[in-house]
Amino acid sequence: METFSSIECFLRSAEVGSFAEAARRLSLTPAAVGKNVAGLEARLGVRLFQRSTRSLTLTEAGQCFLGEVRDSFQTIQHAVANIASIEGQPAGTLKVSMGTVFGRLYILPLLGEFLRRFPAITPDWHFDNRQVDLIAQGFDAAIGGGFDLPPGVVARKLTPAHRILVASAQYLDRCGPLRQPEDLAEADGILIRSPQTGRVRSWPLTSRTGEQSPLNLRPRMTMSDSEAACAAAEQGLGVALVSMPFAVPYLGKGSLLRVLPDWYVDDGNISLYYAQHKLLPGKTRVFVDFVLEQFREQGLDRQFDALA
């Protein structure tokens with residue numbers, strides 16, 4: 001029977017098209033990955049990859065083998081993860097990706113209680129605003145908004161991903177009343193540039209009654225981070241459109257006020273993502289259930305709702 005390590009090296013190399021990248025994700029050396037794959041090829045009596053100095057591609061036999069073993073290997077991995085426990089408790093390393101500020105403000109404070117309940121789990125949490133490939137990169141779960149939902153991944157809604165307009169009282173006193181969306185054309189806009197695309201995204205505003213209006217802020221400055229936009233608005237530099245989780249701490253201490261409180265931007269949901277599988281590892285299952293429970297009990301699902 002082929003060893004787990006040889007087949008896993010093959011699968012990861014096929015997914016990323018590189019022994020070096022597969023080695024990084026498996027915490028091995030590229031030489032060790034190449035040796036495992038070569039040993040697997042020798043035992044099977046077929047070449048699985050076409051190798052060159054620039055590329056690594058599957059042969060026809062390799063594609064066939066990948067289709068045969070991928071799902072079965074994941075099933076075995078999940079079964080092993082479910083069995084692995086200490087005194088019946090879910091155990092193992094829990095690899096989770098989450099946005100930097102959102103994770104620090106709202107997920108990290110839950111860690112103490114989570115570990116009190118599940119002491120055999122070892123968190124391996126990655127704070128990054130980029131979308132990750134859960135399956136290819138070996139993540140157990142991810143938390144964020146606006147993720148593409150690839151096959152085999154499910155999303156559980158945590159809270160709406162609403163954006164609101166905010167400014168300091170000092171700025172609002174200086175610029176005059178802002179009562180309708182049309183008034184924003186004369187306001188200094190603190191705009192957000194997507195760090196992924198480099199573009200300044202434009203959203204329509206939605207009212208509590210469902211009416212829509214274009215958002216026309218006069219550009220004064222551009223930031224690539226909502227937290228930075230809040231900090232700039234706090235200094236009285238203009239009106240910013242920011243995600244609710246970023247705005248809540250500033251609204252709570254009164255350093256920012258909502259502008260046009262009956263209007264908001266609907267940007268989908270902030271969700272918890274994980275691979276769909278009938279044998280979901282115990283460590284992942286309890287993490288998903290725990291975060292959903294805490295968001296309900298602490299009212300975070302309502303706190304980030306612009307209509308609440």
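Here is a short chat about reading a few features of this predicted model.

Biologist: What should I know about the model before I start?

Modeller: The model is predicted, so local features need pLDDT of at least 70, side-chain atom pairs count only at pLDDT 80 or more, and totals for chains, interfaces and linings use all residues. Residues are numbered from 1 along each chain as its sequence is written, and side-chain values use heavy atoms, with hydrogens and water left out.

Biologist: Which domains does the assignment give?

Modeller: Domain bounds come from an automatic or database domain assignment. Here you get domain 1 (1–84), domain 2 (92–156 + 270–304) and domain 3 (160–268). Over C-alpha atoms, the centres of domain 1 and domain 3 are 48 Å apart.

Biologist: How many disulfides does a search of the whole structure find?

Modeller: A disulfide is a covalent bond between the sulfur atoms of two cysteines. The cut-off is a pair of cysteine sulfur atoms within 2.5 Å. In this structure the search comes back with zero.

Biologist: Is cysteine 9 buried or exposed?

Modeller: Buried means under 20% relative accessible area, exposed over 50%, and partly exposed in between (1.4 Å probe, protein chains only). Cysteine 9 has 1%, so buried is the label. Cysteine 64, at 54%, counts as exposed.

Biologist: And how many aromatic pairs does the structure hold?

Modeller: Rings of Phe, Tyr and Trp (its six-membered ring) pair if their centres lie within 6.5 Å; planes under 30 degrees apart count as stacked, over 60 as edge-to-face and the rest as tilted. The structure has 11 such pairs. In one of them, phenylalanine 19 and phenylalanine 49 have ring centres 5.9 Å apart and planes at 85 degrees, so they're edge-to-face. Phenylalanine 19 sits in helix α2 (residues 19–26) and phenylalanine 49 in strand β1 (residues 49–51), so the pair ties together parts 30 residues apart in sequence. Helices (H or I, at least four residues) and strands (E, at least two) are DSSP runs, numbered from the N terminus. Phenylalanine 19 is buried at 18%, and phenylalanine 49 is buried at 1%.

Biologist: What about phenylalanine 114 and phenylalanine 290?

Modeller: That pair is tilted, with 5.3 Å centre to centre and 55 degrees between the planes. Phenylalanine 114 is in helix α6 (residues 111–117) and phenylalanine 290 in helix α10 (residues 282–297), 176 residues apart. Both phenylalanine 114 and phenylalanine 290 are buried. They also belong to one aromatic cluster with Phe118, Trp125 and Phe287.
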